[in-house]
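Please go through the predicted model below.

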Amino acid sequence: MSWLPPDDDEEDLAYDESAFRARPNPKANRPRTKRRPAHADARIARVLGVDRGRYQVLVDEDEPTEREIVATRARELRRTPIVTGDRARVVGDVSGTEGTLSRIVGIEDRTTLLRRSADDTDQVERVVVANADQMLVVVAAADPEPRARLVDRYLIAALDAGIRPLLVVTKTDLADPAPFLSHFDGIDIEVFTSARGEMPVERIGAALIGHSTVFVGHSGVGKSTLVNALVPGARRATGHVNEVTGRGRHTSSSTVSLRYRGDGGSGWVIDTPGVRSFGLGHVDPANILRAFTDLATVAEDCPRGCTHLPDAPDCAIIAAVAEGKLGPSGAARLDSLQRLLTTFGGR
């Protein structure tokens, strides 16, 4: 038998795509896509606290129907940090009924972000709180001894984040706070003092109204005691100072938002765990001088590019300290500034 080429019709049939049979998909899986639902029905909620992967959030804030609910994070947010103070978009069951669980599907843009690092060389930042507009730094006049340089670090972190700092000195019945406070002469910062039986709750409370204020401080300074006085029912754990080491015992283990209600309105108190160090590895070195407002004013007369370090030629700050123009605390403040600038100068 001789071979004959197929005619035209047979050739077209051999390559007809309609004859293709797709392999069946028994599970009927839909193809994966990066598209996510819009969640147009999401509710805006305030994140009050985080506990082992569960988020306590407040929906319908400032409404008669406001309520706390429990939420988990959506899978697409697994790489997004969600912290106390965040404004979150939640979906699902937001009734607040016991046993129900909603889901956080997005985070609103943050107005501020307070951060710290493990140390000054660590570029990995730890987010402390979001959307705070004030920081209340709590220190003790004694037991434990106040650390001016730690407060300097708080002020730098606050100003770097665009947060207004406040200062309260507790335990003034144990020691005169004047020597410590002299370190901050010339700084525009509101200061409160507190003693046993004489806690200025009303004065401090008035400064909290209309604001979201994060409380920070060394362990054992009385921060949780102050929070409990401002927010009855807060039940924040309080501790004592170790008589051998002079260090405070960590009591508050998590960051939580608590509602402050005063005669003139309400605000938010954000209590944080006590810390013994506050790394500034994330801070722009150019913002360090801003925390020393009195020195920053004098620095306007420095030559361009002045480092303000001991070997800086014609530094106006060094000259002002040498001439006694910055008062008794001027030298100590300049030393604190130079230590920080030296640390960050190598970055």
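The sulfur of C315 is 3.9 Å from the closest cysteine sulfur, in C306, too far for a bond. A disulfide here is a pair of cysteine sulfur atoms within 2.5 Å. By that rule the count is zero disulfides. C302 is in no disulfide either; its nearest cysteine sulfur belongs to C315, 3.9 Å away. C315 is buried, with a relative accessible area of 5%. C302 counts as buried too, at 14% relative accessibility. Buried means under 20% relative accessible area, exposed over 50%, and partly exposed in between, with a 1.4 Å probe and protein chains only.

This is a predicted model: local features need pLDDT of at least 70, side-chain atom pairs count only at pLDDT 80 or more, and totals for chains, interfaces and linings use all residues. Residues are numbered from 1 along each chain as its sequence is written, and side-chain values use heavy atoms, with hydrogens and water left out.

**Backbone geometry**

Most residues other than glycine have a negative phi, and most peptide bonds are trans. Helices (H or I, at least four residues) and strands (E, at least two) are DSSP runs, numbered from the N terminus.

| Site | Angle | Location |
|---|---|---|
| D143 and P144, cis peptide bond | omega about 5° | P144: loop between β8 and α2 |
| D60, not a glycine | positive phi of about 55° | loop between β2 (54-59) and β3 (67-73) |

**The cavity**

How many cavities of 30 Å³ or more does the count give? The count comes to one. A cavity is a set of points, on a 1 Å grid over the protein atoms alone, where a 1.4 Å probe fits but cannot get out; lining residues have an atom within 4 Å of a point. Grid points are joined across faces, edges and corners, and a volume is the space filled by probe spheres set on the points. The largest cavity has a volume of about 70 Å³.

Its lining consists of V138, V139, A140, P144, E145, P146, R147, L150, Y154, H218 and V221. Two elements, β8 (134-140) and α2 (148-161), each give two or more residues to this lining. β8 gives the most, with three residues. By class, the lining has eight nonpolar, one polar and two charged residues. Ala, Val, Leu, Ile, Met, Phe, Trp, Tyr, Cys and Pro count as nonpolar; Asp, Glu, Lys and Arg count as charged; the others, Gly among them, are polar.

Helix α5 covers residues 223-230, and its buried residues are K223, S224, L226, V227 and L230. Seen down the axis of α5, these fall within an arc of 155°, so they line one face of the helix. The arc is that of the directions from the helix axis to the C-beta atoms. The buried residues of α5 pack against β8, β9 (164-170), α4 (201-208), β11 (212-217), β12 (256-262) and β13 (265-271). Contact means heavy atoms within 4.5 Å.

D160 sits in helix α2. D160 counts as buried, at 18% relative accessibility. Leaving aside neighbours within four places in sequence, D160 is in contact with R115, H282, V283, D284, N287 and R290.

Methods: 1 Å grid on protein atoms, 1.4 Å probe; cavity = no way out; pocket = protein on both sides within 12 Å on 5 of 7 lines; lining within 4 Å.
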